[in-house]
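Hi,

Here is the structure I said I would pass on. Have a look at it first, then read on for what turned up.

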Amino acid sequence: MRIVLWIMLGLMALYLIPVIKGPSRWDRLLGMNLISTKVIVIIILFASLYNTAYFLDFAIIYALSGFIGTIFIALFLAQRKRREGEK
């Protein structure tokens, strides 16, 4: 189980590359979504490793807030692109 955690952390480190060097804002947003997904998996793995159910509540709350945040950021970027196109 601990090996899987280290693999997830390694994947998160790899996903930092598109977040930092992403050619566009959308690629950076996608990289943040990938990192967010790995964080949720790590929280669920901790819940199963330490046999605590309340960690699952944290994972659900984190997933919902990450989803809502991604939607708002995508809408903001789309509006900004439309405004720049109108000028």
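Helices H2 and H3 each put at least two residues into the lining of the largest pocket. Of the helices, H3 gives the most, with 6 residues. This is a predicted model, by the way, so keep that in mind as you click around.

If you want to find the pocket on your screen, colour its lining: Leu29, Met32, Asn33, Ile35, Ser36, Tyr62, Ser65, Gly66, Gly69, Thr70 and Ile73. Those residues split into 5 nonpolar and 6 polar, with no charged ones. The volume of this pocket comes out at about 150 Å³.

Next, the aromatic rings. How many aromatic pairs does a search of the whole structure find? It finds 4. Take Phe46 and Tyr50: their ring centres are 5.8 Å apart and their planes sit at 5°, so this pair counts as stacked. For that label the planes have to be under 30 degrees apart. Both residues belong to helix H2, which covers residues 25-50, and they are 4 residues apart, about one turn of the helix.

Partly exposed is the label here because buried means under 20% and exposed means over 50%.

Another pair is Phe55 with Phe58, and this one is tilted: 6.2 Å from centre to centre, with 45° between the planes. Phe55 and Phe58 both lie in helix H3, 3 residues apart, which is again about one turn of the helix. Phe55 has a relative accessible area of 24%, so it is partly exposed; Phe58, at 47%, is partly exposed as well. Ring pairs also bring in Tyr54, linking Tyr54, Phe55 and Phe58 into a cluster.

The protein chain averages a pLDDT of 89, and 99% of the residues score at least 70. Where is the confidence lowest, and where is it highest? Helix H1 (residues 2-21) is the lowest, at a mean of 87, while helix H3 (residues 54-86) is the highest, at 91. As a rule, where pLDDT is low, predicted coordinates should not be read in detail.

Cheers

Key
Residues numbered from 1 in each chain as written. Predicted model: local features only at pLDDT ≥ 70, side-chain atom pairs only at ≥ 80, totals over all residues. Heavy atoms only, no water. pLDDT = per-residue confidence, 0-100. Phe/Tyr/Trp six-rings, centres within 6.5 Å; stacked < 30°, edge-to-face > 60°. Buried < 20%, exposed > 50% of the residue type's maximum accessible area, 1.4 Å probe, protein only. 1 Å grid on protein atoms, 1.4 Å probe; cavity = no way out; pocket = protein on both sides within 12 Å on 5 of 7 lines; lining within 4 Å. Points joined across faces, edges and corners; volume = space filled by probe spheres on them. Nonpolar A, V, L, I, M, F, W, Y, C, P; charged D, E, K, R; others polar.
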